[in-house]
Amino acid sequence: MPILTLIARSNDGLLLSGSVEDDKYSISDVQEYEKKAKKIIENTKKSQDIRLHIEDPPFYFVYIKENGVVYLTLCPEKFPRKIAFCFLEELLNEFTTIYSLQQINSTSVPYHFNKFENFILKTKKVYTDSRSQHSLSQVSEELKQVHSIFSQSINEILNRQKNLTKATEKSSSLLEESKKYEKAANDLKRQMLFRKYAPLAAILVIIILFLFFYFFYW
């Protein structure tokens with residue numbers, strides 16, 4: 001289950017809301033990890049929107065940065081990382097629905113939106129329930145299958161496109177060859193006509209010349 005959850009502004013690290021599970025862990029341990037969490041938030045100042053998990057046995061951090069706000073939680077190693085990200089996404093969606101960017105950017109008071117802790121606690125309870133975890137894992141598995149089917153479909157389309165391209169290339173090649181063959185056939189036809197009628201034409205020219213000279217010069 002999420003042990004420590006913080007929502008903070010990325011540009012200056014101002015904590016906007018949060019929740020700490022201190023029943024099962026010593027205060028010193030929680031404080032130590034809270035310091036680490038704040039350091040992580042500080043390091044997101046220059047980064048773009050991102051989703052990341054950081055191993056820190058026997059725990060790990062996951063955080064989402066979006067629109068200048070960091071949503072971070074600390075979880076035990078055995079807690080599924082996908083569910084931790086789902087938990088943060090739930091917080092992100094609700095927080096951005098309730099509070100505008102203008103409200104978030106204008107405050108200078110730490111934990112100004114601490115009423116949001118009630119939602120954090122309720123959501124944490126849902127996401128730590130074993131049945132909820134099972135349902136989320138099942139949904140995640142189904143999404144994997146859909147992604148696999150989608151990838152397969154895309155690959156099939158790409159293969160079809162590849163085959164179509166090859167067929168088009170072959171068709172273009174055949175068309176070019178056909179044009180070359182047609183030109184060669186026409187050339188051959190002209191040569192055959194020339195060979196066939198050239199002798200007759202030559203004889204005809206000789207007769208015309210003979211008659212011309214006979215009547216006009218003799």
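Okay, ground rules before we look. Since the model is predicted, local features need pLDDT of at least 70 and side-chain atom pairs count only at pLDDT 80 or more, while totals for chains, interfaces and linings use all residues. Numbering starts from 1 along each chain as its sequence is written, and side-chain values use heavy atoms, with hydrogens and water left out.

Let's start with T44. Find the loop between α1 (27-43) and β3 (50-56), and T44 is in there. By the way, helices here are DSSP runs of H or I with at least four residues, strands are runs of E with at least two, and both are numbered from the N terminus. So, is T44 buried or exposed? T44 is buried, at a relative accessible area of 1%. For the cut-offs, buried is under 20% relative accessible area, exposed is over 50%, and partly exposed is in between, with a 1.4 Å probe and protein chains only.

What does the T44 side chain reach? The backbone oxygen of I41, at 2.6 Å. If you skip neighbours within four places in sequence, T44 is in contact (heavy atoms within 4.5 Å) with S10, Y63, K65 and V70.

Next one: F87, over in helix α2, residues 81-98. F87 has a relative accessible area of 0%, so F87 is buried. Leaving out residues up to four places away in sequence, F87 touches P2, T5, T73, I120, T123, K124 and Y127. Take K124 from that list: 37 residues separate F87 and K124 in sequence, and their C-alphas are 7.1 Å apart in space.

Now, salt bridges. How many does the structure hold? Four, where a salt bridge is a side-chain nitrogen of Lys or Arg within 4 Å of a carboxyl oxygen of Asp or Glu. I'll walk through some of them.

One is D56 with K36, with the closest N and O atoms 3.0 Å apart. D56 counts as buried, at 17% relative accessibility, whereas K36 counts as partly exposed at 30%.

Then there's R51 and E89, whose side chains meet in a salt bridge at 2.4 Å, N to O. Again the pair links distant parts of the chain: R51 sits in strand β3, E89 in helix α2, and they are 38 residues apart. R51 is partly exposed at 43%, and E89 is partly exposed at 29%.

R81 and E55 also meet through their side chains, at 3.1 Å, N to O. Here R81 is in helix α2 and E55 in strand β3, 26 residues apart, so to speak another link between distant parts of the chain. R81 counts as partly exposed at 27% relative accessibility, and E55 does too, at 41%.

Last stop, the surface. Which residues make the nonpolar surface patch of about 380 Å²? I203, I207, F210 and L211. Patch residues have over 30% relative accessible area and no salt bridge; like charges are joined within 9 Å, and nonpolar side chains (Val, Leu, Ile, Met, Phe, Trp, Tyr) within 5 Å. The areas come from the Shrake-Rupley method with a 1.4 Å probe, and for residues only the protein chains shown count as cover. I203 belongs to helix α5, residues 130-217, and is partly exposed at 49%.

Key:
Polar contact = N/O pair within 3.5 Å; in protein donor to acceptor, adjacent residues only side chain to side chain.
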